[in-house]
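Notebook open, model loaded. I'm jotting down what I looked up, starting with a pocket.

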Amino acid sequence: EKEVVIWAPEETDKMYPFPNNHPCARQSMVHVENPDLRAHPRYKLTHPLRTVLQPGDFIFLPAGWWHHLRSVSHLSTSVAWWHDTLRPNPYSAPTDLGELLWRRGGTIRFSQTVWTHVETVVARHVGPAAVDATMSALGNMQKIAVPGFQQAFEEVRDFLLWLHRNNPEQAGKYMNRMVAGRFGVDH
């Protein structure tokens, strides 16, 4: 038997994913069996779906769904198979981010993809060592003296404004949600 807990992609901001330059990228910082709600207060707003798989059962998880599996019995086996025709490999961003967002449900549903793109842009301009400080500053609407910061700021700003149809308030709130509890904290 295997206990399965899943969360929809719309819950990404409440799952506190590790930054993309962290060894645990694409994983949640929340210990779902014993969550620290002081460190991850939005987690309590999630709507997990739970089930127990029996021998011979399988579960299909569409791309972007958060999942936690735990063996109830002492022995179990899992087999995972990834496929997404929009990507050259499972870990790459889609080739046309705009197409993905507008045809398949918008920014909330694909937050992890959007966040990956933004963090990649920042890393390209400021270097891996300055990603944490730069993301924290961007999320708090502050400027910092880091080489490449201005270029990162401009590219992220333009992308988020495009994404939110030139609504700076929405873009700012989205950036804040992306950063809160993920950057400027001890991992």
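This is a predicted model: local features need pLDDT of at least 70, side-chain atom pairs count only at pLDDT 80 or more; totals for chains, interfaces and linings use all residues.

I sorted the lining of the second largest pocket by residue type: 10 nonpolar, two polar and two charged. For this I counted Ala, Val, Leu, Ile, Met, Phe, Trp, Tyr, Cys and Pro as nonpolar, Asp, Glu, Lys and Arg as charged, and the others, Gly among them, as polar. Numbering runs from 1 along each chain as its sequence is written, and side-chain values use heavy atoms, with hydrogens and water left out.

How I got the pocket: on a 1 Å grid over the protein atoms alone, a pocket is an open set of points where a 1.4 Å probe fits, with protein on both sides within 12 Å along at least five of seven lines, and lining residues have an atom within 4 Å of a point. The volume came out at about 230 Å³, taken as the space filled by probe spheres set on the points, which are joined across faces, edges and corners. Of the 14 lining residues, L138, M141, F153, R157 and M175 are the closest to the centre. Helix α6 gives the most, with six residues; α7 supplies at least two. Helices here are DSSP runs (H or I, at least four residues), numbered from the N terminus.

Next, M141 by itself. M141 sits in the loop between α5 and α6 and has a positive phi near 60°. Its relative accessible area is 57%, so I logged M141 as exposed (over 50%; buried is under 20%, partly exposed in between, 1.4 Å probe, protein chains only). Most residues other than glycine have a negative phi.

Then the core, meaning buried Ala, Val, Leu, Ile, Met, Phe, Trp, Tyr and Cys joined through side-chain atoms within 4.5 Å. The largest one has 23 residues, and V118, V122, M135, V156, L160 and M175 have the most contacts inside it. I found α4 (111–126), α5 (131–139), α6 (149–163) and α7 (168–179) each supplying at least two of its residues. A second, separate core of 10 residues includes V5, Y16, Y43 and W66.

Which residues does L160 contact, beyond neighbours within four places in sequence? I listed V118, A171, Y174 and M175 (contact: heavy atoms within 4.5 Å).
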